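Open your viewer and get ready to click along. Each stop below tells you what to select and what you will find there.

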Amino acid sequence: MTQPLITASDLTKSFPAPGGAVQVLAGVSLTLERGETLALTGESGSGKSTLLHLLGALDAPDSGEITLDGKALGGLNEAARAKLRRQSVGLVFQQFNLIPSLDVAANIAFQARLAGRYDAAWATELAARLGLTELTHRYPEELSGGQQQRVAIGRALAGRPPVLLADEPTGSLDEATADDVLDLMLALVAETGAGLITVTHSERLAARFGRRLHLRRGQVT
Amino acid sequence: MNVKAAFAALLLMAAQATAQGFAGLGTQAEGFAVPERGTPLTFPQDHQAHPDYRIEWWYITANLTGPDGTDYGVQWTLFRSATAPGTDEGWQNPQVWMGHAALTTPTAHHHAERLARGGTGQAGVAPAPFAAWIDTWQMLGTGPDMDSLALTAEGEGFAYALTLNAEPPLILQGEAGYSVKSRDGQASFYYSQPFYQAQGTLTLPEGEVPVTGTAWLDREWSSQPLSESQTGWDWVSLSLDDGRRIMGFALREEDAPAFHSGTVIEADGTATPLSPEEITLTPLAMAQTHGRSLPVEWQVTLPGHSIDVTIKAVNPEAWMDTTFPYWEGPVRISGSHTGRGYLEMTGY
Amino acid sequence: MIRTALGALLSHWRRRPGQLATLLIGLMLATALFSAVQAINTEARASYGRAAALFGGAPLDSLRAEGGVTLADYAALRRAGWRVSPVLEGDLRVTGQSLRLIGIDPLTAPALPSAIGAALTRAPTDILGTGAMAFTAPQTLATLEGAAGLPPLRAAEGIPPGRIIADIALAARLLGQPSGITRLVLAPEQPSNLPPIAEIAPGLTRETPEAGGDIARLTDSFHLNLTAFGLLSFAVGLFIVHGAIGLAFEQRRPMLRSLRALGVPLRSLIALLLAEIMTLALIAGALGVTLGYLVAGALLPDVAATLRGLYGAEVSGGLQFRPAWALGGLAVALGGAALASGSSLWRVAQMPLLSAAQPRAWARASGAALRRQALAGAALFALGLLASLALPSLTGGFALLAGLLIGAALILPMLLTAGLALGQSRAKAGLPQWLWADTRQQVPGLSLALMALLLALATTVGVGTMVSSFRLTFTGWLDQRLASELYVTARTEEEGAALRAFLAPRADAVLPIWSAPTRLNGRAAEVYGFADHPTYRDNWPILSGLPEMWDQVARGEAALVNEQLARRADLTLGQNLEILPGWSLPIAGIYSDYGNPEGQVMTSLTALAAQVPNLPRLRHGVRSNSPAALREALISDFGLPPDAITDQASIKAFSLGVFERTFTVTAALNVLTLGVAGFALLTAFLTLSSMRLPQLAPVWAQGITRRRLGQIELARSAALAGFTALLAIPLGLALAWVLLKVVNVAAFGWELPMFVFPLQWLLALGLAVLAALLAAWIPMRRLARTPPARFLQVFAHER
């Protein structure tokens, strides 16, 4: 338990653009301990989503190193990175990205099943905690935005991953719903002991996290 | 008497699978002439075909030796079989001809079959000079009364050309050529010439081999040679080194002991028919060939003539894989007497 | 992981059963038509094979002699070592049909049909001898129920219809030739060092059957025709499949992205998608092969009748299940699915993990892509033209057709877009302008279906034009060619002479139709002698001739040839032709001779009789004013059997019957292809309509009623299809031209004048509009009934 859940050091990342490459991250370092919650804030284009993608093994940095749950991401190939995502990372997106042809129960169970860690009792409990019990046989298109995001959180936590990464999880929701969803997410994270990094542009929401990291032009300020 | 290849000549008669004996030999003789006791055989007419009888054959087996002492066996057979009595020019002719030729060595058995219908000239028997043929295979008379013959045949991987010469007269089997085939009284006309001296050339895949030896002719015609309960037979023709010849056979019965018979022929041609009790053939050793189990070693005893010999196949693989298959090959004789001969086994 | 991911992928189909059905039905139809044609071709070829290979394996060489082979020749050859076997052939007339009796010698035959081989060892007396049993095809046996004068018959598979195979002894008795041998077949393997045949039997000539036999070569072109149709149907079907697969992939893009984000490796994903497609293709292929089998079974009797009527080729009317074409059908289904899904799979493989998750508008083709596609189409045109010049005529003709059709299909979307852009630029008012622009936007989504429609319609027009042109020409030709009122055939030479004497005072004219077989240009042909008579001068369908040709021919100084011979042998007027060995005449005229696969020469009867002394003098055409009475007199007074007299009307009816059946298959395949295209259109409209809400909602919001929107949609569909049909008409005419002037000449040996039938065009146009209206009807109704709330959701969901 001495090793941090996530360490990232000196991450840089740039993207090709019409007027030459745009440096999105310019040497970002951070650590996250188990059970810790961290809010990544910053303006649009400050690089917070890109940083989250790098930490989630969805993308690779130009330079710098990331260790996730004891594994260095640097040397991993595409299959190994996919495995790491499957087993160690829960993801929550702003657009929910549920699988439209699967019902709520199947969506919640989905990643846990992919990782081979499906626990029916836990999935049922999650659904109940998320207030989805009545909705388990509905399809995503039949749900409101808040409901969809709760399903997405359920999906991310069903496999009890050590890391939860959320990108503007409440960005598509109204304020009241956003608060509800965030409460639930924080409570469940605390119960599972996972580490949580959330990208948000809302100072109000960021204040509820254990720690804050503000990005500006690709650097921590 | 030679009941031997009667099965083959009857190939056109009925199905092998019926309960009527091997290759349907037990069928009735409707419309055909039937051998009658006391009919004298006349030559050279009886060397020719008898189209009013259902079946007939010209059958030669030869035991030959190469320059290095290797044993060889040669078979040349022309069968005639009729779907109806009589003869006709053209396609209406009811006669069918079948030829079998074989060349057996201690390690190989080559054989071939030819079929032909009568009335076309493709196969047949003709007098003056005597000739029996099917396609290219020929048995040509070069002297009177079958005393001298020229024999040729060929098939895939083999050919042979032999000349045969014999001194003593023809041997009439059974009662002056009337040969009884079963306890029920079925019979055939049957004569032989067992005293040929043979010489000629064998052509094998390895090359040509000059050979000398002995040969044996059987001539037989009949319409109904087997009784219905007979399932097959074991037949031997033995040339003892003391000059005597023995013909013997056992006709196997469905639910009864085999019917034995035979003839002992002295070196001067004196023939003594053997009654069923006077000769026994006992299988000694079996061999597997072509998916069947056959006795390729026999004990032949003629107590009345102080003969007790063991005969053993030169090549146990001498299986004739023809339209109706059977085993036919040369044997070596040991025991009370020595010599060579031929063994035929059917219905296995 | 695999199971979970696969479950997610497959759940898409569960939620969209219509799309799954489209994919399966499209692939099934494509496979069905293709494998139906293959099944028919395979069955027909197997029949030719059986006919040619009486003794199993490849057709064997034969020895023949003038006046037949003798028994002595046969015995001499056998005794010299030659493996020859006698065959005695002849025709038997039984209950009005002519049967080919083939006598073989089972004892020497190099190989036997399996039924006979089995009987030979099981019960030889059943099949040998004059009283034996004979063998025939099951369907022939069925027609001989209770017929007198035949031996006991047994049905045996593997014997071509219309033939009886018997022991040569039985055949000899039935044909009254006790020692007859028509020919000796040579076993394929002969001993080495045999003396030459010429030394043993000098009168014999050796004949090597031409590869595949005359029948197989003659009918090749017919089968190529069918194959081309099968491929066309398959192509039309693939348009559907491509559309359905493309749509399914597009709609699942967000899901695929989620799957990858949640940790499914790309390679596993591709493998799963591939497995999914192949499984679906396997199911659709199996269904398609089954359906194809049924279609083939339904069409085969007509094909068999055509082949018999046109080429004299006997094809059994019963379809056997043959693993070869079934597996071929499955392979084609798999290959087609792979082809149709290739680009989609490629896009998935290239899709970046973090790309935008929104579904792109389905296959939104840019202007540049349309131009590229049109360029490819133009290139195909050019390739087709080049191929038609470079390749042998038939293959070249089909290459030209393929280039023409596919090229036109590829160009279609650009033409539509250009037309719509033009309309848009002229439109002033808001709604029409929106209409033009919006329609143009729909073209990419509909283009595949419209391309399929274009192909199907062009085929309808083209084939319709060809068949109608042919029918018009053919009926006119029959009237010319069949000028005699009665056609009578004597059974013997003596009867023939008596017949002529009998008819002389009773008929207006008796025109001998005597002929001798010959070989011209390496093929079997027939040379006819005819008496100089106004019947010929007035009626004979001459295509081109020298001014004095009738007089020259009457004097025996020239000959006429039929069109197919002239084309095949490249003969021109005035050229000398060696009609029989050592007898040449200049060609004075060329006449049309539809429906006859063989070459034909006509010359003076006297000249022919001088060349062929033993010319059979049996057949006669009879001119008469009262054919019915004359027919009666021939039967009752002269004693000619009724089936020896044929009247003009029944020959015409028979010929037209053959003609109609020839194109039954073509018409049936055409209808099926059109059906497939209609189905493509329906699914395309259904798909588009489900994606059109976001485009329609703003228009609705601006005050157009749902009903009105529905009407507009309907009109637009009809207009698109109508425009496609308008393009299909010239394409169809081009197709007809190629069929009549190139394909027919190569396939049948005759060229046909082309007639146009504008009513058919209207029909095609009507069909297209009707198909479009039907296909757009369901989505239109759905739109008209969509609750306003759904329109509102479009705005609510707008991000």
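**Stop one: chain A as a whole**

Select chain A and show its surface: the accessible area comes to about 9,200 Å², with 48% of it belonging to carbon and sulfur atoms (Shrake-Rupley method, 1.4 Å probe; for residues, only the protein chains shown count as cover). Before going further, note that this is a predicted model, in which local features need pLDDT of at least 70 and side-chain atom pairs count only at pLDDT 80 or more, while totals for chains, interfaces and linings use all residues. Residues are numbered from 1 along each chain as its sequence is written, chains are lettered from A and ligands numbered from 1 in the order in which they are written, and side-chain values use heavy atoms, with hydrogens and water left out.

You will see seven helices and ten strands (DSSP runs numbered from the N terminus: helices are H or I with at least four residues, strands are E with at least two). Of its 221 residues, 53% count as buried (buried means under 20% relative accessible area, exposed over 50%, partly exposed in between, with a 1.4 Å probe and protein chains only). Among contacts in chain A with a separation of 6 or more, 74% come from residues 24 or more positions apart (contact means heavy atoms within 4.5 Å).

**Stop two: salt bridges in chain A**

Over all chains, a search of the whole structure finds 33 salt bridges (a side-chain nitrogen of Lys or Arg within 4 Å of a carboxyl oxygen of Asp or Glu). Select A:Glu36 and A:Arg211, whose closest N and O atoms are 2.4 Å apart in one of these bridges. A:Glu36 lies in the loop between β2 (22–32) and β3 (37–42) of chain A and A:Arg211 in strand β9 (residues 211–216), so the pair ties together parts that are 175 residues apart in sequence. A:Glu36 is buried at 18% relative accessible area, whereas A:Arg211 is partly exposed at 28%.

Next, pick A:Arg204 and A:Asp179, which form a salt bridge with 3.1 Å between the closest N and O atoms.

**Stop three: inside chain B**

Select B:Arg80 in strand β2 (residues 71–82) of chain B. What surrounds the side chain of B:Arg80? The backbone oxygen of B:His50 lies 2.7 Å from one of its polar atoms, and the side chain of B:Gln95 makes a polar contact with it at 2.7 Å (a pair of N or O atoms within 3.5 Å; within protein, one must be able to donate a hydrogen and the other to accept it, and residues adjacent in sequence count only if both atoms are side-chain atoms). B:Arg80 counts as buried, at 1% relative accessibility.

Move on to B:Arg114 and B:Asp135, whose side chains meet in a salt bridge (3.9 Å, N to O). B:Arg114 counts as buried at 11% relative accessibility, and B:Asp135 counts as buried at 4%.

**Stop four: where chain B touches chain C**

Then show the whole contact, with 25 residues from chain B and 30 residues from chain C. Between chain B and chain C there are three salt bridges. One to zoom in on joins B:Arg117 to C:Asp105, with the closest N and O atoms 2.8 Å apart. Strand β4 (residues 109–117) of chain B gives the most to the side of chain B that touches chain C, with four residues.
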